[in-house]
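Q: I would like to learn how to read a structure feature by feature. Could you walk me through this one?

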Amino acid sequence: MANLDDPCSTLETRSADRRDGQIEALGRANSAAQVRDQLLCYPGAVRMPANGVELYIVRDFLTLDECAALIALIDGARVPSPVVGDAPVSPHRTSETCYLYPGPAPVTAVETKLDLLTGLEPRYGEALQGQRYAVGQEFKPHHDFFDTGQPYWLDQVTMGGQRTWSAMAFLNEPEAGGRTNFPTAGLAITPKAGNLVIWNNMDEYGTPNPGSLHQGMPVEQGVKYVLTKWYRERPWCQ
Ligand SMILES: O=C(O)CCC(=O)C(=O)O
Ligand SMILES: [Fe+2]
């Protein structure tokens, strides 16, 4: 692919690059339409009124036993949470993370449910992650989609490209704080064990949606566990 800043790239390759971007966006919009149809068939899935972002809640997506088993896995192998393109330990994401690779039965159970929920082929999903937030820990306002102007994009574009959908399940309920807030969409979701939130990081045209801005608000009392799954526009490869 030609570099748009490269004075040597021909006019032809420059316009081909722009077309590529549009074609990719169209692909994401078409895929989103299929996910939407599939999601609405899933028992308990409800689209939430949110300003400028497509977001659904699935009540009781996980059983309390499944939540407990996943919390045990997270507690067994958690490390400080990373952020793509940031320092290894980020001041924006102060929680701990545990990668939940395929294998253990509770991971297989969640992956199977997510496949049914989204209709997406499993290879489009990144490895499942668990997060644990202690009092004061948070994930500051951010977008899950990648900023294609950042140096990290050169790697990410070869690893499955843009992050399209985000799915997040609450595994427990902190005593206070820890809501997932979408400030521009005007929606703050209170953790409820077993409930899942899933949103489209793209807009209706398949381009990154600034309205998907969100944050994990600081836990004020107790502890918060969530499960996160990010989907890519192409099969994910690490
Ligand atoms: O913990 C939360 O409420 C939000 C987590 C989040 O946004 C993420 O992991 O990308
Ligand atoms: Fe996020």
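A: Gladly. Let's start with burial: a residue is buried if 20 or more other C-beta atoms lie within 10 Å of its own, exposed if 12 or fewer, and partly exposed in between. Keep in mind that this is a predicted model. Over the chain, 36% of the 238 residues count as buried.

Q: How many of the six residues of strand 5 are buried?

A: Five of them are, so strand 5 (residues 128–133) is largely enclosed by the rest of the structure.

Q: How should I read the strands that pair with strand 5?

A: The general idea first: strands of a sheet pair through backbone hydrogen bonds, either parallel or antiparallel. Strand 4 and strand 5 run antiparallel and are joined by five bridges, with Leu100 opposite Leu128 of strand 5. Strand 14 also pairs with strand 5 in the antiparallel sense, over five bridges. There, Gly130 has Leu227 of strand 14 as its bridge partner.

Q: Which residues have the most contacts inside the largest nonpolar core?

A: They are Ala169, Leu171, Leu196, Ile198 and Leu227, in a core of 39 residues. Among the elements giving two or more residues to this core are helix 1 (11–39), helix 2 (64–76), helix 3 (105–118), strand 4 (96–100) and strand 14 (224–232). Take Ala169 as a case: leaving aside neighbours within four places in sequence, its contacts are Phe61, Leu62, Asn195, Leu196, Val226 and Leu227.

Q: What share of the contacts in the chain joins residues 24 or more positions apart?

A: Counting contacts with a separation of 6 or more, the share is 76%. For the elements themselves, the chain has four helices and 14 strands.

Q: In which order do the four strands of the open sheet stand?

A: The order is 6-12-9-10, and the pairing is antiparallel. Strand 6 (139–142) and strand 10 (187–189) stand at the edges with a single partner strand each, so one side of each is left without a neighbour in the sheet. From one strand to the next, the twist averages 10 degrees. Within this sheet, strand 9 (residues 180–182) pairs with strand 12 (residues 214–216) over two bridges, and Thr180 has Gly216 of strand 12 as its bridge partner.

Q: How do I read a backbone angle such as the phi of Asp60?

A: As a rule, most residues other than glycine have a negative phi. Asp60 has a positive phi of about 55 degrees although it is not a glycine. Asp60 lies in the loop between strand 2 and helix 2, and counts as partly exposed because it has 13 C-beta neighbours inside 10 Å.

Q: Where is Tyr124, in terms of helix 3 and strand 5?

A: Tyr124 sits in the loop between the two. With 18 C-beta neighbours inside 10 Å, Tyr124 counts as partly exposed. Not counting residues up to four places away in sequence, Tyr124 touches Tyr231, Arg232, Pro235 and Trp236. Tyr124 and Thr158 are 34 residues apart along the chain, and their C-alpha atoms are separated by 13 Å.

Q: Finally, what does pLDDT say about residues 1–16?

A: Where pLDDT is low, the predicted coordinates should not be read in detail. Over residues 1–16 pLDDT stays under 50, and the model has ten contacts beyond four places in sequence for them. The chain averages a pLDDT of 89, and 89% of the residues score at least 70. For the complex, the predictor gives an ipTM of 0.99 and a pTM of 0.89.

Methods. Residues numbered from 1 in each chain as written. Chains lettered and ligands numbered in written order. Predicted model: local features only at pLDDT ≥ 70, side-chain atom pairs only at ≥ 80, totals over all residues. Pairing = 2+ DSSP bridges. Axes fitted to C-alpha atoms, helices over the stretch in contact; angles between N-to-C directions. Contact = placed C-beta atoms within 7 Å. Core = buried A, V, L, I, M, F, W, Y, C linked by C-beta atoms within 7 Å. pLDDT = per-residue confidence, 0-100.
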